[in-house]
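User: Hi! Could you walk me through this structure with me? I'd like to begin with the ligand surroundings.

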Amino acid sequence: MSKSSTPSSRWLPSLAARAALAVLSLSTAIAEAAPIVEDSIAQRVQACTGCHGAEGRAAADGYYPRIAGKPAGYLHNQLLNFRDGRRQYPLMSELLQPLSDDYLLEIARHFSTLELPYPAPARPAAPQAVLARGEQLVRKGDDSKKIPACTGCHGDRLTGVAPAIPGLAGLPRDYVAAQLSGWKSGIRHADAPDCMAQIAQRMAPDDINAVAHWLSVQAVPAGGKPALAPDRPLTIRCGGVPATQMAPEGAR
Ligand code: HEC
Ligand code: HEC
């Protein structure tokens, strides 16, 4: 079972309470939302921040991911993924069910424009050898397993690349491990070609663990803003990423 559908029991009480609140406030919000008025969006997304923390900056328990400041295209793709069943989290997917593509884009843009400070990174909780393996995979990849360097797409600063590639620096360890395991086991999907699924499938559980540990202890560089263009053109195609950011066919 995925972590996304079964958070460990210590989260359950607050989860149920938040979900109930969230469903209530989103349905009220939607009922009152027509016509869409730009300046009330912060109010209407209170249903989201009930789980995702104030203004979407992530809840303290580390289970609900930060959404504030992530690239708009990435957030929009995820809202479509949850609504249309390519990612699974029923409590949230149900909220998104009645919402149109355009409304989800408006929500995505709202959260992407928020500039909020990032918390200090986690303290290292793994042996140095594990962290070193994590850093090696992130910065250099592993040719013997055909794992590309993560920086090749997520940027040398690991803050992601607008519009569709998210940052990785400072993401909670459990979240990263759950997402990579989800892709590996077919629970999480992105639009085809699903490059992250291909990459995750080449990673052993130890590789996933090492990467998740190392990323979680990286400070987010000032502001954490995604780069506007990749450091180098992408050599592997990813669905949802503009074709203009890809290397020409022959160079891949
Ligand atoms: C009941 C709690 C809950 C509510 C309400 C909720 N979410 Fe989520 N959301 C989650 C959880 C948990 C995840 C991570 C699921 C996983 O592990 O894949 C998530 C994931 C996401 C992601 C993907 C983040 C990433 O970095 O990939 C986005 C975007 C998102 N939520 C936006 C929203 C928006 C917008 C709303 C309001 C319309 C909302 N959520 C309401 C719990 C919730
Ligand atoms: C070929 C480009 C590419 C490479 C190389 C790549 N990624 Fe990604 N990654 C993406 C794209 C595109 C997404 C957004 C997928 C989506 O829309 O769901 C993504 C999303 C992710 C996410 C989800 C973040 C979130 O907030 O939910 C994680 C975690 C991740 N990548 C980790 C890695 C790691 C670790 C590596 C290196 C081993 C790596 N990626 C290498 C393109 C890449």
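User: What classes of residue make up the shell around ligand 2?

Analyst: By class, 22 are nonpolar and five are polar, with no charged residues in that shell. Bear in mind that this is a predicted model.

User: Good to know. Which residues come nearest to ligand 2?

Analyst: Of the 27 residues around ligand 2, the nearest are Cys150, Cys153, Ala190, Ile236 and Cys238. As for elements, two or more residues each are given to the shell by helix H4 (72-83), helix H8 (151-154), helix H9 (173-185) and helix H10 (195-201).

User: And which domains does the shell around ligand 2 draw on?

Analyst: Domain 1 (9-112) and domain 2 (128-251) each supply at least three residues to it.

User: Let's zoom in on one of those helices. How many residues does H9 have, and how far does H9 reach?

Analyst: H9 has 13 residues and spans 18 Å from its first C-alpha to its last, close to the 18 Å expected at 1.5 Å a residue. After H9 comes Gly186, which has a positive phi, near 85°.

User: Which residues of H9 are buried?

Analyst: Tyr175, Val176, Ala177, Ala178, Gln179, Leu180, Gly182 and Trp183 are the buried ones.

User: What do the buried residues of H9 pack against?

Analyst: Their packing partners are H10 and helix H11 (205-216).

User: Switching topic: which members of the largest nonpolar core touch the most other members?

Analyst: That core has 55 residues, and Leu75, Val176, Leu180, Val211 and Leu215 touch the most other members. Several helices give two or more residues to this core, among them helix H3 (46-52), helix H6 (101-112), H4, H9, H10 and H11. Both domain 1 (9-112) and domain 2 (128-251) contribute at least three residues each.

User: What does Leu75 touch, leaving out residues up to four places away in sequence?

Analyst: Leu75 touches Ile67, Lys70, Ala108, Phe111 and Ser112 on that count.

User: Last thing, the whole chain. How many helices and strands are there?

Analyst: The protein chain has eleven helices and zero strands. Of its 252 residues, 39% count as buried.

User: And among contacts between residues at least 6 apart in sequence, what share joins residues at least 24 apart?

Analyst: In the protein chain, that share is 68%.

Note on methods: Residues are numbered from 1 along each chain as its sequence is written. Chains are lettered from A and ligands numbered from 1 in the order in which they are written. This is a predicted model: local features need pLDDT of at least 70, side-chain atom pairs count only at pLDDT 80 or more; totals for chains, interfaces and linings use all residues. A residue is near a molecule or strand if its C-beta atom, placed from the backbone, lies within 6 Å of it. Helices (H or I, at least four residues) and strands (E, at least two) are DSSP runs, numbered from the N terminus. Ala, Val, Leu, Ile, Met, Phe, Trp, Tyr, Cys and Pro count as nonpolar, Asp, Glu, Lys and Arg as charged, and the others, Gly among them, as polar. Domain bounds come from an automatic or database domain assignment. The expected span of a helix is 1.5 Å times one less than its number of residues. A residue is buried if 20 or more other C-beta atoms lie within 10 Å of its own, exposed if 12 or fewer, and partly exposed in between; C-beta atoms are placed from the backbone. Two residues are in contact if their C-beta atoms, placed from the backbone, lie within 7 Å. A nonpolar core is a set of buried Ala, Val, Leu, Ile, Met, Phe, Trp, Tyr and Cys residues joined through C-beta atoms within 7 Å.
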